[in-house]
Amino acid sequence: MVGSRRDFSRRRIGAAAALVLAGAALAGCGGGGSSTDPNRGKDAKSFTLTVTRNAIAGGKNAGEAEWLTGTVIPKFVAAEKAKGITAKVTFRGQGVDDEAYKTKLALDLKSRSGADIMDIDGIWVGEFAQAGYIRPLSEAVGAPADAWDGWSQIPGSVQQLALFDGKKYGIPSGTDGRLLYFNKKLFARAGLPADWQPKSWQEIIAAGRALKRLPGVTPIQLDAGTAMGEATSMQGALPLLAGAGAQIYQNGKWTGGGQALKSVLGLYAQIYGSEKLGDPELQQEAKGRDKSFEEFAAGKIGILAEGDYLWRDVLNPKDGVAKMKTRDTDVGFALIPAVSPGKGVRGQSFVSMSGGPLTVLNPNTEYPQQAFEFMEFMNSAEMVKARTAGTPEITSRTDVNKQILAGDPLLTFVSEKVLPVTSYRPGLAVYPQVSTALQEATAAVVSGKSPDQAAAQYTKKLEGIVGGPSHVSAQ
């Protein structure tokens, strides 16, 4: 589910799990009552905890399973023994698809059972919170939840991953970011700088116009349409919406087809319509995104909006799915600019979108204090560094990233420059439907509809999804 090297733009929420959660929201948590005292079991001289995540030895996310069973658990048990406390910690590994894992967690929590500590995807937080399955750490644990020294190493932007209605529900363990990639060789041929950093959308268009003069080159590829699925939202529509000064969900309302979305759709119209800077056929193919990876690696695409997944696992010269031997010398990267300086969300000049997992505490655990101690230990600098096992990846901790990413310019760039300006998707059950409607709006523009027409259709569909106009803002 939440492997540290995953591409979080692909995350979907399964229908079966959504039904379980929806039923819980209506019917309550179910099961018998249990104490909500955060100090219950605090002074126990011996305790038992169980930990689960979608990882299993010899199978899915095997490295995480081995890290937990071979490093984290034995070292935690030893640390407790040194304090005169006997701890027994058991790992319950899962190795199933994401929907099955989510459904299992939901059913366990609904019946007030399941593991004491679990990993969930950040986009599930709102659903689980609204269903009553998880509680804010400040309630479930009390004062120690805010006193953890690790919070000072997790940027506020990354802590958003664990927030719902302003309350913190877990500890983020990893994340990613979206940015612009460009081919330096093509840029040189087009007379563009090797250190390119656009400061507005029109500077992206200007670079695309220069690249258009090169035969056999697609100047700009920006994910659009439903064939790309969630990648359209994460790589394209949502960061652009943030760049236009809006979030898809803010202040309790969903953003409709107002000026911000019209600006986004207007950029799509320029790229795929009037300026003919993108390849619209790629956006309609079932494997279009994978094909865009291959074309970028082959030097046939000038600018590509993507996540750090492209660098880590796609273009990786050693084991990438579209190996690019010259990646380190020929691939440049830049922040995604707002429509113009200072016009992005929160007054930012640059924006991004991120995803990632977090560790949460089962509110029904007999030992909330000890469970949170394990969460702290598991997310300590020493344990997070051990989890990476020498493989560069973006963790939630700034101190660890500075150590392990020093040899990787792209991941360092994401950690230091992208994460401070990033945003996250709303963890609400209805989001996948909203995302699909957003994808359809981009597809409509790529197919020739005007931004105004596509925005109006989106607003109408959005109102039907979220319960009427009163839940939609006109921003």
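## The five-stranded sheet

An open sheet of 5 strands is arranged in the order β2-β1-β3-β15-β6, and its pairing is mixed. Strands (E, at least two residues) and helices (H or I, at least four) are DSSP runs, numbered from the N terminus; two strands pair if DSSP finds at least two bridges between them. The edges are formed by β2 and β6 (170–172), each with a single partner strand, so one side of each has no neighbour in the sheet. From one strand to the next the twist averages 25°, where axes are lines fitted to C-alpha atoms, for helices over the stretch in contact, and angles run from 0 to 180 degrees between N-to-C directions. β1 and β2 run parallel and are joined by 8 bridges; Ser 46 has Thr 86 in β2 as its bridge partner.

The model is predicted: local features need pLDDT of at least 70, side-chain atom pairs count only at pLDDT 80 or more, and totals for chains, interfaces and linings use all residues. Residues are numbered from 1 along each chain as its sequence is written, and side-chain values use heavy atoms, with hydrogens and water left out.

## Helices on this sheet

Helix α2 lies across β1 and β2 and runs at about 170° to β2. Helix α3 (residues 98–110) also packs on the sheet, touching β1 and β3 (117–121), and its direction makes about 130° with that of β3. Contact here means heavy atoms within 4.5 Å.

α2 comprises 21 residues (residues 62–82), which at 1.5 Å a residue should span 30 Å; its end C-alpha atoms are 29 Å apart, in agreement. The expected span is 1.5 Å times one less than the number of residues. At Leu 68 the helix α2 bends by about 35°, the bend being the angle between axes fitted to the seven residues ending there and the seven starting there. Among the buried residues of α2 are Trp 67, Leu 68, Ile 73 and Phe 76; buried means under 20% relative accessible area, exposed over 50% and partly exposed in between (1.4 Å probe, protein chains only). Their cover includes β1 (46–53), β2 (86–93), α15 (368–378) and α16 (381–388). Gly 84, with a positive phi near 85°, follows α2.

## Aromatic pairs

The structure holds 16 aromatic pairs. Rings of Phe, Tyr and Trp (its six-membered ring) pair if their centres lie within 6.5 Å; planes under 30 degrees apart count as stacked, over 60 as edge-to-face and the rest as tilted. Phe 47 and Tyr 367 form a tilted pair, 5.9 Å centre to centre with 50° between the planes. Phe 47 belongs to strand β1 and Tyr 367 to the loop between β15 (357–361) and α15, so this pair ties together parts 320 residues apart in sequence. Both Phe 47 and Tyr 367 are buried.

The pair of Phe 182 and Trp 196 is edge-to-face, 5.4 Å centre to centre with 85° between the planes. Phe 182 and Trp 196 are likewise buried. Ring pairs also link Phe 47, Phe 76, Tyr 367, Phe 374 and Phe 377 into a cluster.

## The four-stranded sheet

A further open sheet, of 4 strands, has the order β8-β11-β7-β12 with mixed pairing. Its edge strands, β8 (218–221) and β12 (331–334), each pair on one side only.

β8 pairs with strand β11 (residues 301–307) in the parallel sense over 3 bridges, and Ile 303 in β11 is the bridge partner of Ile 220. β7 and β11 pair in the antiparallel sense over 5 bridges, with Glu 306 in β11 the bridge partner of Leu 179. β11 is mostly covered, as 7 of its 7 residues are buried.
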